[in-house]
Amino acid sequence: MKRNYILGIVAVGLLASCGTPAAVSSSTTAKAPTEEKAKPDQVAKTSRKEVKQLVMTPALTAGKDIYENNCAKCHRLFEATEFKKEEWAPILVEMQKKAHLNDAQMASISSYIYAQL
């Protein structure tokens with residue numbers, strides 16, 4: 001009987017110590033009343049980057065597939081936003097030669113990358 005009581009207390013203690021992140025964050029914000037909270041419009045301007053929503057058409061999906069299947073053979077895949085359009089153009093020309101891609105495949109890859117910029 002005593003053993004079950006002790007095990008029950010230990011189980012309740014363990015469960016209570018496993019708080020959710022929301023519970024933890026709300027308790028830490030309550031402890032620091034001197035910190036000023038940022039206004040919602042300030043947060044939106046400073047911490048959020050505009051994310052372009054890309055609608056994947058069949059042509060863009062084909063370009064994505066070619067890009068992932070051919071380019072990843074030799075190096076990591078770069079995010080389209082890692083370079084500007086002016087920087088992508090010579091990269092794509094050079095890689096077309098190295099990857100032995102025809103013009104139609106290259107146009108498909110280019111469309112996929114440029115659609116994300």
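**Note on a predicted all-helix model**

1. Of the 117 residues of the protein, 14% count as buried. The model is a predicted one, and the values below are computed from it. The protein exposes about 9,700 Å², and 61% of that area comes from carbon and sulfur atoms.

2. The protein has six helices and zero strands. Along the sequence, this gives the pattern α-α-α-α-α-α. Among contacts with a separation of 6 or more, 62% are between residues 24 or more positions apart.

3. Helix H5 is worth a look in the viewer. Helix H5 covers residues 85-99, which is 15 residues. From its first C-alpha to its last, H5 reaches 20 Å, close to the 21 Å expected at 1.5 Å a residue. Just after H5, His100 takes a positive phi of about 55°.

4. Which residues of H5 are buried? They are Trp88, Leu92 and Gln96. These residues lie on the same side of H5 because they cover an arc of only 70° around the axis. On the other side of H5, Glu86, Lys97 and Lys98 are exposed. What do the buried residues of H5 pack against? Their partners are helix H4, residues 58-71, and helix H6, residues 103-116.

5. Gln96 can be taken as one example from H5. Gln96 has a relative accessible area of 18% and therefore counts as buried, since the cut-off for buried is under 20%. Leaving aside residues up to four places away in sequence, Gln96 touches Leu101, Asn102, Asp103 and Met106.

6. Trp88, another buried residue of H5, has a relative accessibility of 2%. A search of the whole structure finds three aromatic pairs. In one of them, Tyr67 and Tyr112 have ring centres 6.1 Å apart and planes at 45°, so this pair is tilted. Tyr67 lies in helix H4 and Tyr112 in helix H6, so the pair ties together parts that are 45 residues apart in sequence. Both tyrosines, Tyr67 and Tyr112, are buried.

7. The rings of Phe83 and Trp88 also pair: their centres are 5.2 Å apart and their planes stand at 80°, so the pair is edge-to-face. Whereas Trp88 counts as buried, Phe83 is partly exposed, with a relative accessible area of 24%. Ring pairs link Phe83 and Trp88 with Phe78 into a cluster.

8. How many disulfides does the structure hold? The number is zero. Cys71 is in no disulfide, and the nearest cysteine sulfur to its own, that of Cys74, is 8.6 Å away. Cys74 is likewise in no disulfide, with the sulfur of Cys71 as the nearest cysteine sulfur at 8.6 Å. A disulfide needs the two sulfur atoms within 2.5 Å. Are these cysteines buried or exposed? Cys71 is buried, with a relative accessible area of 12%, whereas Cys74 is exposed, with a relative accessible area of 72%.

Methods
Residues numbered from 1 in each chain as written. Predicted model: local features only at pLDDT ≥ 70, side-chain atom pairs only at ≥ 80, totals over all residues. Heavy atoms only, no water. Helix = DSSP H or I, 4+ residues; strand = E, 2+ residues; numbered from the N terminus. Expected span 1.5 Å × (residues − 1). Buried < 20%, exposed > 50% of the residue type's maximum accessible area, 1.4 Å probe, protein only. Arc of directions from axis to C-beta. Contact = heavy atoms within 4.5 Å. Areas by Shrake-Rupley, 256 points an atom, 1.4 Å probe, with all protein chains shown as cover. Phe/Tyr/Trp six-rings, centres within 6.5 Å; stacked < 30°, edge-to-face > 60°.
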